[in-house]
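This report goes through one protein model, from its overall build to single residues. The sequence and the structure come first.

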Amino acid sequence: MDFSTYSPVEELKLPLFEKKKVTVKVKRDDMMHPFISGNKWRKLKHTLKDAQEKQKTKLVTFGGAWSNHLLATACAGAKFGFQTKAFIRGEEVNNPVLAMCKIFGMELRFVDRTTYRNKESIFSHHETENEAYFIDEGGRSALGMLGCSELMAELDEDFDHVVLACGTGTTLAGISKGCQQYMPNCKTHGIPVLKGGNFLYDDISALGIDLNAYSLHLDYHFGGYAKSTPTLTSFIKEVSSTTGVLLETIYTGKAFYGLCDLVENDYFAPGQKILFIHTGGLTGLLGMYEKF
Ligand SMILES: *Cc1c(COP(=O)(O)O)cnc(C)c1O
C-alpha cells in the first residue's frame, strides 16, 4: 500500500498577519488527494494497513449523508482493493457526495437515528462474515490518531503554534501527540466546529492526551455543525479570493476564521510562527454552494 503524500507548506501573506507581525503558513493537506482528503487520508492510513494485515476484504463504516470520511473510505477502498459499505444516519437521500461514494463502489445502507447510535450492534448484526473490518464514524480510532501525528514529522521548520479544525478531536489528539514527539515547544490549538465543544476534553483525554497539551477555542462554531452565517461566507470569499487557497464552511473556514480572530486580538505574540493545517474536505462545498 503506497500511502506517500503530497502536502506542501506555504506562507499566507495577509495584511492582518503583517500588521500583527506573525508568520502564518498552511500545511496543504487539501492537496494530498481530491477524495481521500486531508485528515481522512491520515486517519485511514494505519487503519487500512491493519485491515490488510488481518486479511479483511471489506471496510464497513458509518457517517452522515455529507461525510468526508465516507467518500474517503469509498475511494481508498477502491484504490487499495477493499469492498466498502457504509451505514448512513437518517432517511434515504441522494447528494453529490453519496453519488461519488456509489461511483467508487460503496454499498450504502440508511439507518434511522436511534439504531445508528449503536454502531457496534449494527456491525455485528449485519456483518456476520469475518472478512468485514469495522471503521468508526469519521475514522475515529487510536490508529487514526497515529496517522495524524505523523504530520508533525513532515515539517522541516519549527513552529510556535499549530491551529486546526476539530470535529471528533481525533486529528487534534494526533497533532498534539505529534508535537510532543517531534516539536515539543509547539502548542496545539483546536477550533471545534460543533456547538458545545466541551465534550472534546473528555474524548481527547480518552485518546491519552493530557489537558495541558492543547487549547480549544470554543467560540467559532457559527451556530453549530454545518451551520454558517453571512460573516463566515464573506470571510471565506475574502481569504480564498486573495490567496488562492480554497476554504469551506464546515471545517476549514471556521478554523481559519478562528485563527484570524485570535491574531486580531493579539493572542499570539509578535514574531511567532503559526502553522494552520488545511484538513481538506473541500467536497463539503458541494452541499453549501447556495450560500455563496
Ligand atoms: C473530518 C474533518 C475534520 C474533523 O476531524 P476530527 O478528527 O474528527 O476532529 C476537520 N476538517 C475536515 C476538512 C474534515 O473533513
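## Overall build

Among contacts between residues at least 6 apart in sequence, 75% join residues at least 24 apart. The model is a predicted one. Its secondary structure comes to 11 helices and 10 strands. The C-alpha trace spans about 60 × 40 × 35 Å along its principal axes. The radius of gyration is 19 Å, which agrees with the value near 19 Å that a compact globule of 292 residues would have. Of the 292 residues, 55% count as buried.

## Helix α11

Helix α11 covers residues 252-264 and has 13 residues. From its first C-alpha to its last it reaches 18 Å, close to the 18 Å expected at 1.5 Å a residue. The helix is mostly covered, with 10 of its 13 residues buried. The buried positions are T252, G253, K254, A255, F256, G258, L259, C260, L262 and V263.

Just after α11 comes D266, with a positive phi of about 60 degrees. D266 belongs to the loop between α11 and β10.

The largest pocket holds about 870 Å³ of space. Its lining is made of 40 residues, and the closest to the pocket centre are G64, S67, R89, Y225 and Y251. Which elements each supply at least two residues of this lining? They are the helices α2 (38-53), α3 (68-80), α8 (170-182) and α9 (199-206), along with strand β7. By class, the lining of the largest pocket divides into 13 nonpolar, 19 polar and eight charged residues.

The second largest pocket has a volume of about 190 Å³. It is lined by K13, L14, P15, L16, F235, E238, V239, T242 and C260. The elements that give two or more residues to this lining are α1 and α10. The largest share, four residues, comes from α10. Of the lining residues, six are nonpolar, one is polar and two are charged. One of the residues in this lining, C260, is also among the buried residues of α11.

## Single residues

| Residue | Relative accessible area | State |
|---|---|---|
| Y6 | 51% | exposed |
| T283 | 15% | buried |
| F222 | 15% | buried |
| D266 | 53% | exposed |

Y6 lies in the segment before β1 (9-11). Is Y6 buried or exposed? With a relative accessible area of 51%, Y6 is exposed, because the cut-off for that state is over 50%. Leaving aside neighbours within four places in sequence, Y6 is in contact with R28, M31 and M32. Y6 and D30 are 24 residues apart in sequence, and their C-alpha atoms are 9.3 Å apart in space.

T283 is in the segment after β10. Its relative accessibility is 15%, and T283 therefore counts as buried, since buried means under 20%. Not counting residues up to four places away in sequence, T283 touches P34, N68, L71, V97 and M100.

F222 sits in the loop between β9 (214-216) and α10. Phi of F222 is near 55 degrees, a positive value in a residue other than glycine. F222 is buried, with a relative accessible area of 15%.

D266 likewise has a positive phi, of about 60 degrees, although it is not a glycine.

Notes: Residues are numbered from 1 along each chain as its sequence is written. This is a predicted model: local features need pLDDT of at least 70, side-chain atom pairs count only at pLDDT 80 or more; totals for chains, interfaces and linings use all residues. Side-chain values use heavy atoms; hydrogens and water are left out. The expected span of a helix is 1.5 Å times one less than its number of residues. Buried means under 20% relative accessible area, exposed over 50%, partly exposed in between (1.4 Å probe, protein chains only). Contact means heavy atoms within 4.5 Å. On a 1 Å grid over the protein atoms alone, a cavity is a set of points where a 1.4 Å probe fits but cannot get out, and a pocket is an open set with protein on both sides within 12 Å along at least five of seven lines; lining residues have an atom within 4 Å of a point. Grid points are joined across faces, edges and corners, and a volume is the space filled by probe spheres set on the points. Ala, Val, Leu, Ile, Met, Phe, Trp, Tyr, Cys and Pro count as nonpolar, Asp, Glu, Lys and Arg as charged, and the others, Gly among them, as polar. The radius of gyration is taken over C-alpha atoms; the globule rule is 2.2 Å times the number of residues to the power 0.38.
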